[in-house]
Amino acid sequence: MIGKPHMKKTEPHLEKFERFEKEAKQPSWVFPLRKAGIARFAEQGFPTINDEDWRFTNVAPITKLPFKPVFAADRDGIDAETVAGFTFGQIPAHRLVFVNGHYVSDLSSPPSPNGLVISSLAAALNSHASLLEKHLARYAQGEDDSFAALNTAFFQDGGFIYLPAGKIIEKPVHLLYISTAKDAGVTSHPRNVIVAEKGSQATVIETYVSAADASYLTNSVTELIIGDNAVLEHCKFQDESTSAFHIAAIHAHLGRSANLISHSFATGARLSRNNIRTSLAGEGVECILNGLYLTRGEQLADHHMIVEHAQPHCNSHEYYNGILDGRSKGVFHGRILVRQIAQKTDAKQTNKNLLLSEDATVDTKPQLEIYADDVKCTHGATVGQLNEESIFYLRARGIGVETARRMLIHAFAGEIIERIRYRPAREELDQLIWDRLEQHPLLANGTKQ
C-alpha cells in the first residue's frame with residue numbers, strides 16, 4: 001500500500017513522466033512499456049532498508065535529490081581528446097559515445113553496415129523497430145526492481161547491438177557514457193539492448209565515467225539476449241564521480257550451449273548498486289560472473305545477483321573480490337537458484353574481501369536455493385585484512401615488507417582482472433587498478449597496518 005511519505009518520494013517522477021509522455025516521439029508500441037514501468041514504480045516506490053534485498057544499502061540520499069532527467073542532448077564541451085583520455089578510450093573499437101545519456105555521433109565510430117547493427121537505441125527505435133520490439137523490456141521488466149521500472153519509463157537512448165547468426169566481430173563494441181552534470185539530481189537512464197544470435201561472437205565494453213563532480217544519478221539497464229552457441233564477453237566498468245550515485249541492472253537470457261563471461265568493475269560513485277540477473281534458459285550453458293570493487297572514503301559498492309539454472313547440464317561460476325579502504329562499505333548478495341528440472345547443475349560462488357583499514361566493512365550473503373537432487377553447488381565468503389603469515393612467508397624469502405604487501409594486494413585484484421579475455425582491456429584495467437592501489441598509504445610509504 002502506498003502511504004503519504006511514499007507518495008512524496010514518487011510524485012516528482014510521476015509529474016515529469018506526464019510531460020515526457022506528451023513530448024516523446026517514439027513508436028506507438030513503446031508507450032505501453034513506459035506506462036507499465038511508471039505504474040510499477042508508483043506502486044513500489046524506492047526500496048528501503050526494510051526490504052530484505054536492500055537492508056544493507058540505504059538509497060535515502062537518492063530519494064532526497066531533486067529529479068532532473070536530461071531530456072535534451074548537449075555534448076557540453078566533450079571532444080575527441082576528452083574521449084581518448086578516459087579508460088578504454090584509445091582501444092580500437094566500434095565506439096558509441098553518450099554524453100548525459102544522449103548519443104553524440106561525431107565522437108562515435110560505429111562500423112559500416114555489413115549485417116550487424118551497432119546503433120544508438122534512439123535511432124534503432126525507428127530504423128530497427130521490429131527487432132527491438134521482440135526484445136526491449138522483455139527480460140528486465142522491473143517487477144521487483146523499482147529502479148529498472150523507472151528506467152523503462154524514462155529511457156531515451158543507449159546502445160543497440162544486434163549480431164546476426166554466425167557473425168563474429170574481432171574489435172570490441174565500446175559503449176562510453178560520460179556525465180558532465182554539475183547540478184544535484186541530474187539523472188540519465190541509459191538503456192542497452194544486446195542481441196547475439198545463434199553462433200555469433202563479440203566483446204562488449206560498457207563504461208561510465210565523469211567529466212565533472214556533482215550528486216547526479218545514473219540509472220542504467222542492460223539486456224543481454226544470447227542465442228544458442230553464441231559467445232559474449234561483457235565488461236562493465238564504473239568509475240563515476242565519488243559524489244554521484246550509480247544504479248544498474250544487467251539481465252541476461254542464455255540459450256542452449258551459450259557462453260557468457262560478464263565482468264563488473266566498480267571503483268567510482270558515492271553509492272553504486274549492480275543488480276545482475278542471469279537466466280540459464282537452455283541446456284549446456286557456461287556462465288561466468290566476475291567482479292572487483294575498489295572503494296575508499298565513504299563509498300558503498302553493492303552487487304546483488306541471482307543466477308537461475310532453469311535447464312539441466314549448465315555451469316555457472318561467480319567470483320567477486322572487494323578491496324576496501326577508509327570508512328567504505330561493500331555489499332555482496334549472491335543467490336544460485338536451481339530449478340527442479342536443472343539436473344547435473346555445476347554452480348560455484350565465491351566472495352572475498354580485503355580490508356585495508358579497520359573502519360571498512362562488508363556485508364556478504366551467498367545463498368543456494370536448490371530444487372534438483374543431482375547437482376554440485378558450493379558457495380563461500382571471506383572478510384579479512386592482509387594475511388600476516390603470507391607476509392612472513394614472503395619476507396622469509398628475502399622480500400621486503402612493502403614489496404610483500406604490494407604483491408599480495410595486487411595478486412588479490414589480479415585474480416579477477418586476469419579473467420578478462422580481451423587482452424587490451426585486461427592490460428589497461430590491470431594498470432589502472434595497479435595505479436589506484438599504489439596511491440594507498442599502506443603501499444606508498446610502507447606504514448604499518
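**Entry 1: aromatic rings**

I looked up phenylalanine 41 and found it buried, at 0% relative accessibility; buried means under 20% relative accessible area, exposed over 50% and partly exposed in between, with a 1.4 Å probe and protein chains only. The model is predicted, so I kept to the limits that local features need pLDDT of at least 70 and side-chain atom pairs pLDDT 80 or more, while totals for chains, interfaces and linings use all residues. Residues are numbered from 1 along each chain as its sequence is written, and side-chain values use heavy atoms, with hydrogens and water left out.

I then counted aromatic pairs and got 12. Rings of Phe, Tyr and Trp (its six-membered ring) pair if their centres lie within 6.5 Å; planes under 30 degrees apart are stacked, over 60 edge-to-face, and the rest tilted.

I checked phenylalanine 17 with phenylalanine 154: the pair is edge-to-face, at 5.8 Å centre to centre and 85 degrees between the planes. Phenylalanine 17 sits in helix α1 (residues 4-23) and phenylalanine 154 in helix α7 (residues 146-154), 137 residues apart, so the pair links distant parts of the chain. Helices are DSSP runs (H or I, at least four residues), as are strands (E, at least two), numbered from the N terminus. Phenylalanine 17 is buried at 5% relative accessible area, and phenylalanine 154 at 1%.

For phenylalanine 41 and phenylalanine 46 I read ring centres 5.2 Å apart and planes at 85 degrees, so this pair is edge-to-face. Phenylalanine 46 is buried too, with a relative accessible area of 6%. I also noted one aromatic cluster formed by Phe17, Phe20, Phe67, Phe71 and Phe154.

**Entry 2: cavities**

I searched the whole structure and found 4 cavities of 30 Å³ or more. A cavity is a set of points, on a 1 Å grid over the protein atoms alone, where a 1.4 Å probe fits but cannot get out; lining residues have an atom within 4 Å of a point.

The largest cavity has a volume of about 110 Å³. Its lining has 18 residues, with Asn100, Ile178, Ser179, Ser188 and Thr218 nearest the centre. β6 (173-179), β7 (186-188), β9 (201-210) and β10 (217-226) each give two or more residues to this lining. I sorted the lining into 11 nonpolar, 6 polar and 1 charged.

**Entry 3: helix α10**

Helix α10 (residues 423-438) has 16 residues and reaches 22 Å from first C-alpha to last, close to the 22 Å expected at 1.5 Å a residue. Its buried residues are Ala425, Leu429, Leu432, Ile433 and Leu437. Down the axis of α10 they fall within an arc of 130 degrees, so they line one face of the helix.

How values were computed:
Expected span 1.5 Å × (residues − 1). Arc of directions from axis to C-beta. 1 Å grid on protein atoms, 1.4 Å probe; cavity = no way out; pocket = protein on both sides within 12 Å on 5 of 7 lines; lining within 4 Å. Points joined across faces, edges and corners; volume = space filled by probe spheres on them. Nonpolar A, V, L, I, M, F, W, Y, C, P; charged D, E, K, R; others polar.
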